[in-house]
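Please keep the structure in view while reading.

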Amino acid sequence: MTPAVESNPAAGDIPADGMPAAASAAAGRDTGDAFRAPLVLLLPALLGLAFLVLPPAALLLRTPWAQLPRRLTAPGVLDALWLSLVTATLATLLCLLLGVPLAWLLSRTRFPGRRLVRALVTVPLVLPPVVGGVALLLVFGRHGLLGGWLDARFGLTLPFTTSAVVLAEAFVAMPFLVISVSGALRAADRGLEEAAATLGAGRWTTFRRVTLPLVGPGVAAGAVLCWARALGEFGATITFAGNFPGRTQTMPLAVYLAMETDPQAAIVLSVLLLAVSVTILAVLREKWMTSP
Amino acid sequence: MSRRPVAAVLAGCLLLAIAACGADRRDPATAGTVTVLAAVSLTEVFTALGEGFEQSHPGRRVRLSFAGSAQLAGQIAAGAPADVFAAAGPESMQRVAGGRDAVVFARNQLVIAVPPGNPRGLRTLADLAVPDLKVAICAAQVPCGIAAEKALASAGVDLTPVTLDQNVRAALTKVRLGEVDAALVYRTDVRVAAGEVEAVEFAESAAAGNDYPIVVLPGAADPAAAAEFVAYVRSGAGREQLREAGFQLP
């Protein structure tokens, strides 16, 4: 369910090369086995790999490299990229602010209906993002459940603003963070928290000084997943935030609209988004996810 | 040992199933079926025309798909299997192979769509430029956006909409939901949402009308059936339905 969490078990016993000691020893001993993988596993595995790698490769193969500098400096391209990076980062911060406490609540406290709440939290994962956008309009729209009140009370209307982009992205991305963090919390050693409590630390101090550092890698992994999901968000954004260059037109929206009139431009935008997100994820992985 | 064949058979079945639903082969079973890609503003009238065509042409079937004209043109260029393309403007039609042979079968005009009772009292295009008014128009890539730009330019109105929609119905929906105060949509769209929105006609709309072209695509599976559908749209019965829907006729 949460590969990013599983790839960072208790972060403590991962040496610098990113492979648990026992696993690397096993790999050294069994190198020959890799070539004796049963065909019935090897064949679908290679097919699966090709299926995942081929489309991005095609994007790179079809990129009009000669036009790249001119295309990238075309009006609106850098605006869309900047807007995407800013909104995805803000959405991730919002998710951290709300999602970490939520994950703690779901894995450290007992209350009636906890399983139901846990299931509800994952609803945005299975909801088509466009449906999410419609739902957000019904809550935060001018005639929405909260939107009408926000408008009357504070003169605040969210749809079609950059804030709406952040909200749409946070809505679809937060479950990734919550699942990641609550997985890490459940795997973490409760003994240390109990020890802190025995030594007189309150629940907030325990959370801040013991729990949070303990699940740090899980939080980081969740934040990275969350950011990547937010960066790619399309359906909820175009439904709830609309499409206006510089204000709500993020890269995925720009790619979609470019595809309708100028496929070459769409390819260039896609490659740019691919390059930026892969670079940032690689840097974050170096920094947080593999070091002890 | 006995599990391997089972797994292999399962995998084979899965691949076959994917291939079967993925590949739209032009087999004899689809002969007589006309696949029509049409602009989203034609949704209701073409659905009715499709039914009328099937009734008056026994053995013929019509499959309809609606989206923004620019999106459909992109799909056709990318090889989407289709027999007839009806666009909301000449720009999208020019992007498909064979688009030069298209004939104009209808004309449409922009109006200002407002909530019932026109609460903001909008009368002209210039009224839309009020700073706190939320307006949705179509993106410049799609026909209704091109028409809106022409109308605004000829009226000398500098408008900052809150959103540029990818098709005219997306703009209309925002008025229906009350999320915007006004949208520039086709007169025919307002008729579809009668009761939920009202139309405000404006002087410059005549200068910014759209011609709707239709064509039998070069890759049509059954060109004869496709041509029959196009002829039906342009026939007396077809024209009557288009007129009732609020289109002007060439």
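Predicted model: local features only at pLDDT ≥ 70, side-chain atom pairs only at ≥ 80, totals over all residues.

## A buried strand

In chain B, strand 5 (residues 110–114) has five of its five residues buried, so it is largely enclosed by the rest of the structure. From this strand B:Leu110, B:Ile112 and B:Val114 point one way, while B:Val111 and B:Ala113 point the other way.

Strand 5 of chain B is joined by four bridges to strand 8 (residues 182–186) of chain B, the two running antiparallel, and within strand 8 B:Leu184 is the bridge partner of B:Ile112. Three bridges also join strand 5 of chain B to strand 9 (residues 198–200) of chain B, again in antiparallel fashion, where B:Val114 has B:Glu198 as its bridge partner.

## The open sheet

Chain B also holds an open sheet of five strands in the order 2-1-3-10-4, with mixed pairing. Strand 2 (61–67) and strand 4 (103–108) of chain B stand at the edges with a single partner strand each, so one side of each lacks a neighbour in the sheet. On average, neighbouring strands of this sheet are turned by 20° against each other, direction ignored.

Strand 4 of chain B runs antiparallel to strand 10 (residues 210–216) of chain B and is joined to it by five bridges, with B:Val103 standing opposite B:Ile214.

## Helices on the sheet

Helix 2 (residues 43–56) of chain B packs on the sheet and touches strand 1 (33–39), strand 2 and strand 3 (84–86) of chain B, its direction making about 175° with that of strand 2. Helix 3 (residues 69–77) of chain B lies across strand 1, strand 2 and strand 3 of chain B, and runs at about 135° to strand 1.

Methods:
Residues numbered from 1 in each chain as written. Chains lettered and ligands numbered in written order. Buried ≥ 20, exposed ≤ 12 C-beta atoms within 10 Å, placed from the backbone. Pairing = 2+ DSSP bridges. Axes fitted to C-alpha atoms, helices over the stretch in contact; angles between N-to-C directions. Contact = placed C-beta atoms within 7 Å.
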